[in-house]
Amino acid sequence: MTTTPSDPTTALPGGPPVVDLATWQAARDELLVREKAHTREGDALAAARRRLPMVELDGTVEVVGPDGPVPFLDLFQGRDELVVYQHMWYDGAPHQGQCEGCTTTAWHVKDAVYLNARGVSFAVLTSGPWDEVAAYVEFMGYAQPWYSVRGVDAPIGGGMGHIVCFLRDGDRVFLTYSTTGRGNEPVNGSLALLDMTPYGRGEAWEDNPEGRTVIGDVREGHPSQGRQACWYWRSDADGNATWGPTSRPVPQWTRPGATPVQTLGRHGHHH
C-alpha cells in the first residue's frame with residue numbers, strides 16, 4: 001500500500017508538510033534566494049571588519065604558558081596574524097564545571113593547521129591560574145597552545161568569552177577585531193550543521209514548527225534548574241544532558257575508562 005505525498009496522514013507530528021520532490025525543490029529554490037542574500041551581506045560585513053581602525057598594544061606584556069611567562073608577541077609564532085579564543089574560567093571547579101560554551105568552542109579548533117598555512121596563528125587564553133589550566137588542558141586532550149592571562153588587562157586579558165584578532169608588524173602589535181556571544185559561533189561547525197537539520201539545536205529559544213519537541217528550556221546552569229539543553233557540552237555515560245557528579249564534557253566520554261572527577265574548591269567544598 002502506498003500513500004500519496006499530499007495525504008495529510010503522512011505528515012509527522014510537529015513537522016512541516018510532506019510534499020512531492022518538485023514542490024520541495026520550488027520551496028528550496030525560494031529559500032536559496034534568501035540564503036544567497038545572507039551570504040552576500042556576510043561578505044560585506046567581513047569587508048567592513050578588514051577596514052576597522054586598529055589599536056596599538058604593548059606586545060611585551062607577559063602571559064603564562066607551559067614554559068612559564070612569555071611575552072604576548074611569542075604567541076604569533078613568527079607569523080603576522082593571531083586569532084585567540086578567550087576561555088572563561090571558574091576557579092576550583094571540577095572539569096565538568098568549566099564554561100560549556102567556551103569548552104565547546106575550544107574543542108572545535110583542535111588544531112590550526114589551515115590557519116597556519118594562511119599565516120595566522122591561534123592560541124587559547126584564559127583567566128584561570130596556570131596550575132588548574134594545565135590540568136584541564138591535559139584532561140581535555142587539547143593540542144592548541146593555552147596561556148593564562150590572569151591579572152592581564154584587556155584586550156589580551158580582561159573579560160573572557162571573546163574571539164580576538166591581532167596583527168603584528170615587527171615588534172608592534174595591534175588589536176583589529178573582537179566578538180563574543182553568538183559572534184563566536186562560526187568556530188563551532190556542529191552548530192552550523194545542526195541549523196541545517198530538521199530538528200535544529202533542540203533548544204527552547206529556537207523558532208520551530210508548532211509541536212516540535214525540544215531538549216531543554218535552559219541552556220546552562222549548575223546545579224541545573226529545569227530541563228537543561230546542555231547536550232552540546234556535558235552528559236552522563238548514557239548521553240543524558242546533566243550537570244553534576246556523573247556528568248563529563250561530551251568528548252571525554254569517548255575515552256577508555258572515563259570516570260567523573262570532582263575537584264575540591266579553594267574553600268574545601270565541592271563546586
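Buried means under 20% relative accessible area, exposed over 50%, and partly exposed in between, computed with a 1.4 Å probe on protein chains only. The model shown is predicted, so local features need pLDDT of at least 70 and side-chain atom pairs count only at pLDDT 80 or more, while totals for chains, interfaces and linings use all residues. Residues are numbered from 1 along each chain as its sequence is written, and side-chain values use heavy atoms, with hydrogens and water left out.

**View 1. The salt bridge between Asp-80 and Arg-168**. Here the side chains meet at 3.6 Å, N to O, where a salt bridge is a side-chain nitrogen of Lys or Arg within 4 Å of a carboxyl oxygen of Asp or Glu. Asp-80 is partly exposed, at 44% relative accessible area, whereas Arg-168 is buried, at 18%.

**View 2. The salt bridge between Arg-150 and Asp-91**. The side chains of this pair come to 2.5 Å, N to O. Arg-150 has a relative accessible area of 42% and is partly exposed, and Asp-91, at 27%, also counts as partly exposed.

**View 3. A salt-bridge network around Asp-195 and Arg-201**. The closest N and O atoms of Asp-195 and Arg-201 are 2.8 Å apart. Asp-195 is partly exposed at 44%, but Arg-201 is buried at 2%.

**View 4. Cys-99 and Cys-102**. The sulfur of Cys-99, a buried residue at 8% relative accessibility, lies 3.4 Å from its closest cysteine sulfur, in Cys-102, which is too far for a bond. The structure holds zero disulfides, a disulfide being a pair of cysteine sulfur atoms within 2.5 Å.
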